[in-house]
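Here is a friendly walk through one protein model, meant to be read with the structure open beside you. Take your time and turn it as you go.

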Amino acid sequence: FRIMAGKVKWVTDIEKSVLINNFEKRGWIQVAENEDWNFYWMSVQTIRNVFSVETGYRLSDDQIVNHFPNHYELTRKDLMVKNIKRYRKELEKEGSPLAEKDENGKYIYLDFVPVTFMLPADYNLFVEEFRKNPSSTWIMKPCGKAQGKGIFLINKLSQIKKWSRDSKTSSFVSQSSKEAYVISLYINNPLLIGGKKFDLRLYVLVSTYRPLRCYMYKLGFCRFCTVKYTPSTSELDNMFVHLTNVAIQKHGDDYNHIHGGKWTVSNLRLYLESTRGKEVTNKLFDEIHWIIVQSLKAVAPVMNNDKHCFECYGYDIIIDDKLKPWLIEVNASPSLTSSTANDRILKYNLINDTLNIAVPNGEIPDCKWNKSPPKEVLGNYEVLYDEEMAQSDGTDRDLRGRPGQSTGAKGSRARDSGKPALTTWK
């Protein structure tokens, strides 16, 4: 997601075109314009330059950018897991009931990311875990890539032995040229619809981390594989079975260019309500929302909460056949490319609604405003969590709600009306 808002007074059309071309070369893409204002989506690389100590560039009060300087604390696969693990340990030290474990030592409420290790750093720990269940399947992903690039599945240690430089001691020494990977326990019992695996792409807007205020976009979608799922080891290399990324699936023979292998979240909800029941479905979506808030809380203490910044994340969630949601990864720049007509409408609305929250009513941006826009400008967004409101209501303190439950602004159940109310989460 890339944006920069800055006041520009055009003198001539030639100057305007030259400036826009210059912006595009720097990774800025113009998305909106009126008489006084021009809005640009800004790439993560450009953000690094803007906040770099070397450039000396500083944003003025009327400039707002669409990434936090160290957004990668959540959007790099390894750092996301590291921060969630740290968050769990901190809650344990505090004696928080959220960090409660079962008799097997597993977190009851905070077990929402698959067991994950960093390679090469955690190679020996991974081997130890692998040998506890040698029939398990694991998925390897490069830490800094997207769109399914560099991902592969393994079910034997020999498949990654080439990474090891010293087989006698089983120590894992990486070559300097080798890229860091994460290796996670593969969810081999995904919920299937029509025999096919899918995941959820959900959009979450964060306007400030301290206090945390975030919004859930109601128009998310499911991404389906084009080939029916099988846990068979003979299909481990078939990415059309295992990876839902459109960048991969669009090259499959069975890819449908009309619907793009996508379902809206509302269609998924209807399907689940009809097959599993309304109460179970509501619980699932409550748990998804709760997972998102917990992941944001995990990184909030380390995030550089620059007042010029906001961010729209692309969350990837997989649901298993027991209707347990798992957080797979969080994307800093969720694709705004449209693969279908519905996609184009959705993403146009996403950009429009995001701008309306970042710069309400199209007014001159002011990074000092309280970042709490009026309800009428939210569009398809709804407040997912407002830390100030939660603390004033006492819901953060006394933990009245349990995980997977949303409470309204005064602690009432949001589900009573059938629509999500302003929510305050633990």
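## Starting at Y271

Leaving aside residues up to four places away in sequence, Y271 touches L192, I193 and W263, where contact means heavy atoms within 4.5 Å. Y271 and I193 are 78 residues apart in sequence, and their C-alpha atoms are 9.2 Å apart in space. Y271 itself lies in helix α8 (residues 265-275); helices (H or I, at least four residues) and strands (E, at least two) are DSSP runs, numbered from the N terminus.

A word on the model: it is predicted, so local features need pLDDT of at least 70 and side-chain atom pairs count only at pLDDT 80 or more, while totals for chains, interfaces and linings use all residues. Residues are numbered from 1 along each chain as its sequence is written, and side-chain values use heavy atoms, with hydrogens and water left out.

## The whole protein

The protein has 12 helices and 16 strands. Of its 426 residues, 51% are buried. Among contacts with a separation of 6 or more, 68% are between residues 24 or more positions apart.

In soluble globular proteins, nonpolar side chains tend to be buried together. Here the largest nonpolar core has 60 residues, and those with the most contacts inside it are Y209, L296, Y313, Y315 and L327. Such a core is a set of buried Ala, Val, Leu, Ile, Met, Phe, Trp, Tyr and Cys residues joined through side-chain atoms within 4.5 Å. Helix α9 (residues 278-299) gives the most to this core, with 10 residues. Apart from this core lies another, of 16 residues, which include Y217, F221, L350 and I357.

Helix α9 is largely enclosed by the rest of the structure, because 18 of its 22 residues are buried. From first C-alpha to last, α9 reaches 33 Å, close to the 32 Å expected at 1.5 Å a residue; the expected span is 1.5 Å times one less than the number of residues. Helix α10 (residues 341-358) has 18 residues and reaches 26 Å, close to the 26 Å expected. Among the buried residues of α10 are L346, L350, I351 and I357, along with the charged D343 and K347.

## Strands and their partners

How do the side chains of strand β12 (residues 221-224) point? F221 and R223 point one way, C222 and F224 the other way, and all are buried. Strand β12 runs antiparallel to strand β10 (residues 196-209), joined by 4 bridges; two strands pair if DSSP finds at least two bridges between them. D199 stands opposite R223 in β12. Strand β13 (residues 262-264) is also antiparallel to β12, through 3 bridges, and T264 in β13 is the bridge partner of F221.

Elsewhere, 6 bridges join strand β14 (residues 311-319) to β15 in antiparallel fashion. Y315 has V330 in β15 as its bridge partner. The hairpin of β14 and β15 has 5 residues between the strands, and L323 takes a positive phi near 60° there. Strand β15 (residues 325-331) is mostly covered, with 6 of its 7 residues buried.

## Rings and charges

The count comes to 14 aromatic pairs: rings of Phe, Tyr and Trp (its six-membered ring) pair if their centres lie within 6.5 Å, with planes under 30 degrees apart counted as stacked, over 60 as edge-to-face and the rest as tilted. F112 and W290 form an edge-to-face pair, 6.5 Å centre to centre with 85° between the planes. This pair links distant parts of the chain: F112 is in the loop between α4 (77-94) and β5 (116-119), and W290 is in helix α9, 178 residues apart. F112 is buried at 3% relative accessibility, and W290 is buried with a relative accessible area of 3%. One aromatic cluster is formed by Y203, Y215, Y217, F221 and Y381.

Charges meet rings as well. K85 lies over the face of F117, at 5.7 Å from the ring centre, and the charged end of R269 sits over the ring of F285, 4.4 Å from its centre. The rule here asks for NZ of Lys or CZ of Arg within 6 Å of the ring centre and within 35 degrees of the ring normal.

Notes:
Buried means under 20% relative accessible area, exposed over 50%, partly exposed in between (1.4 Å probe, protein chains only).
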